[in-house]
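Please look through the model shown here before reading on. The report then takes up its parts one after another, from the overall fold down to single residues.

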Amino acid sequence: MDIKPLKNIRIEVMQSLESKVQSFMDEYLIPVEKIWQPTDFLPDSQSDSFLDEVTELRELAKELPYDFWVALVGDTITEEALPTYESWLMDVEGINQVEGKGNIWSKWVRQWTGEENRHGDVLNKYLYLSGRVNMREIEITTQHLINDGFDIGTDR
């Protein structure tokens, strides 16, 4: 019996959208220089009031419940593993990262990664400044997660 593989619907969708992706990025992606950055939400380390602001942040952090810290640590570890998600996405069929700088999908993945990276940065810095969690253990856990890789088996 000759079994033919199912047509890859995802590739069809990606190909039909490919011509529009750049215009979507131009319309919806906020330029790096204009979008928020992690330091916009944290004490300014170049300010004379930096230590006072950190002290205030730490005092406010003392009032936050245990469940908050558990959720924030989990979110931070997930966000910090972002390089793993990019490496998986870059291997998805239809994303060409090899020829030159690749196609529009590889450009989108890189732009998305750069934008998403800010989430892990702000969470990590907040956790560090709060003094409420063991950052070394979080860093070890994050490194283990990245070392383990990420393969949900849907790239092909």
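The sections below describe the chain as a whole, then its helices, its pocket and several individual residues.

## Overall fold

This is a predicted model, and its protein chain holds six helices and zero strands. Read along the sequence, the chain follows the pattern α-α-α-α-α-α.

Of the 156 residues in the protein chain, 29% are buried. Where contacts join residues at least 6 apart in sequence, 76% of them link residues at least 24 apart.

## Helix 3 and its buried side

Helix 3 covers residues 66–80, and its 15 residues reach 21 Å from the first C-alpha to the last, close to the 21 Å expected at 1.5 Å a residue. The buried residues in helix 3 are Trp69, Leu72, Val73, Thr76 and Ile77. Because these residues cover an arc of only 135 degrees around the axis, they are on the same side of helix 3. The partners against which the buried residues of helix 3 pack are helix 2 (50–61), helix 5 and helix 6 (135–148).

The side chain of Thr76 reaches the backbone oxygen of Leu72 at 2.7 Å. Not counting residues up to four places away in sequence, Thr76 touches Leu123, Asn124 and Leu127.

In helix 4, which spans residues 82–89, the buried residues are Leu82, Thr84, Tyr85, Trp88 and Leu89. Seen down the axis of helix 4, these residues fall within an arc of 155 degrees, and therefore they line one face of the helix. Helix 3, helix 5 and helix 6 are the elements against which the buried residues of helix 4 pack.

The loop between helix 4 and helix 5 contains Gln97. With a relative accessibility of 36%, Gln97 counts as partly exposed. Gln97 and Val109 are 12 residues apart in sequence, and their C-alpha atoms are 9.8 Å apart in space.

## Helix 5 from end to end

Helix 5 runs over residues 104–130; it has 27 residues and reaches 40 Å from its first C-alpha to its last, close to the 39 Å expected at 1.5 Å a residue. The N-terminal end of helix 5 is capped by Asn103, with a side-chain oxygen that lies 3.0 Å from the backbone nitrogen of Trp105. After helix 5 comes Gly131, whose phi is positive, near 70 degrees.

Thr113 has its place in helix 5. Is Thr113 buried or exposed? Its relative accessible area is 10%, and so Thr113 is buried. Leaving aside neighbours within four places in sequence, Thr113 is in contact with Leu82 and Glu86.

Asp26 counts as exposed because its relative accessibility is 56%, over the 50% that the term requires. The side chain of Asp26 makes a polar contact with the side chain of Gln22, at 2.8 Å.

Gln15 also lies in helix 1, and Gln15 counts as exposed at 53% relative accessibility. Although Gln15 and Trp105 are 90 residues apart along the chain, their C-alpha atoms are separated by 9.8 Å.

## The largest pocket

About 220 Å³ of space lies in the largest pocket. This pocket is lined by 14 residues, and those closest to its centre are Leu29, Ile30, Val32, Gln111 and Glu115.

Which helix gives the most to the lining of the largest pocket? Helix 5 does, with five residues. Helix 1 and helix 5 each supply at least two residues of this lining.

How values were computed: Residues numbered from 1 in each chain as written. Predicted model: local features only at pLDDT ≥ 70, side-chain atom pairs only at ≥ 80, totals over all residues. Heavy atoms only, no water. Buried < 20%, exposed > 50% of the residue type's maximum accessible area, 1.4 Å probe, protein only. Polar contact = N/O pair within 3.5 Å; in protein donor to acceptor, adjacent residues only side chain to side chain. Helix = DSSP H or I, 4+ residues; strand = E, 2+ residues; numbered from the N terminus. Contact = heavy atoms within 4.5 Å. Expected span 1.5 Å × (residues − 1). Arc of directions from axis to C-beta. 1 Å grid on protein atoms, 1.4 Å probe; cavity = no way out; pocket = protein on both sides within 12 Å on 5 of 7 lines; lining within 4 Å. Points joined across faces, edges and corners; volume = space filled by probe spheres on them.
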